[in-house]
Amino acid sequence: MLAPGTKVRVKNDWPELRGPCHIRTPHYLRGETGTVVRHLGDFPNPEDLAFARPAEKLALYHVRFDQPAIWQQGKAGDELIVELFAHWLEAA
Amino acid sequence: MNILETESDRLLVAVRGLLAAKGIATPPEITERIRITDGGSPAQGARMVARAWTDPEYRALMLSDGTAAAEAMSIPMRGLPPLGVLENTEEVHHLVVCTLCSCYPRAVLGYPPFWFKSAAYRARAVRDPRAMLKDWGTDLPAAIRLRVVDSTADYRWMVLPRRPAGTEGWTVEQLAAIVREGDMIGVTIPKIA
């Protein structure tokens, strides 16, 4: 379990290039670094649910990102908070 | 048969027939679910907001467990994704978007407005949110931090806006009447008419 405040990087992975898939990780965050806000609970992996496969429950986190750093525009201090599953996060 | 080219009414009849034939959902269950879905509207969320403005204990419940707070107002939540509530304060303003599709807290806000599903809203809310808010007439003071919440997975999010000045002594019914859909998404803030 990742503690609040842990620095994480979103995997720079593009499964859509490998074939049909259903992912809940926005493209604009791949490879970006953020901070865990809190654990929201454990939910069945939507990438398996979408194809009616058995779905393991995975930790879902609220992760905070620096909005202007990601989009190269916006006001310093503004934030993006996004729900991300554990298997998309790696140590940063 | 190509389902992408089939008339939607015929497709609906076929799917409902299959759900019943396979024992997945009976016609009365489907009717009940439609009734519950149609009961969702911004007026439900507005009732929650107005109560939170006047009842500190309810406000605390709403912020810690939105689903329980909705159920406490007799809003059916069984089988629905958990509801999270984002509190606007003097320091932070929340804006909700679903960049991947149109995730929306339907039980408490009803069907999403058409613009919530538009590519323009979904792109601008994360890329250039302050300019987009200005187009809504919401000029956020520089001292307030903007927190854009991209609703990407299993939660559904609504905003608890700040109670506007000049509403001291109002009843919950009066307060609920000024809370609009956009105030609970975060594109606008409640105003006294």
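Which residues touch the most other members of the largest nonpolar core? They are A:Leu84, B:Val49, B:Leu95, B:Val108, B:Val148 and B:Met158, in a core of 57 residues. This is a predicted model, in which local features need pLDDT of at least 70, side-chain atom pairs count only at pLDDT 80 or more, and totals for chains, interfaces and linings use all residues. Residues are numbered from 1 along each chain as its sequence is written, while chains are lettered from A and ligands numbered from 1 in the order in which they are written.

**The core**
- A nonpolar core here is a set of buried Ala, Val, Leu, Ile, Met, Phe, Trp, Tyr and Cys residues joined through C-beta atoms within 7 Å; buried means that 20 or more other C-beta atoms, placed from the backbone, lie within 10 Å of a residue's own.
- B:Leu95 is in contact (C-beta atoms within 7 Å) with residues beyond four places in sequence, including B:Leu146, B:Val148 and B:Val187.

**Where the chains meet**
- Chain A brings 20 residues to the contact and chain B brings 17 residues.
- Strand E4 (79-85) of chain A gives the most to chain A's side, with six residues. Strands (E, at least two residues) are DSSP runs numbered from the N terminus.
- E4(A) pairs with strand E3 (residues 145-150) of chain B in the parallel sense, over four bridges; pairing takes at least two DSSP bridges.
- Within this pairing, A:Leu80 has B:Val148 as its bridge partner.

**Domains of chain B**
- An automatic or database assignment gives domain 1 (7-38) and domain 2 (41-185).
- Their C-alpha centres lie 31 Å apart.

Conventions: A residue is buried if 20 or more other C-beta atoms lie within 10 Å of its own, exposed if 12 or fewer, and partly exposed in between; C-beta atoms are placed from the backbone. Two residues are in contact if their C-beta atoms, placed from the backbone, lie within 7 Å.
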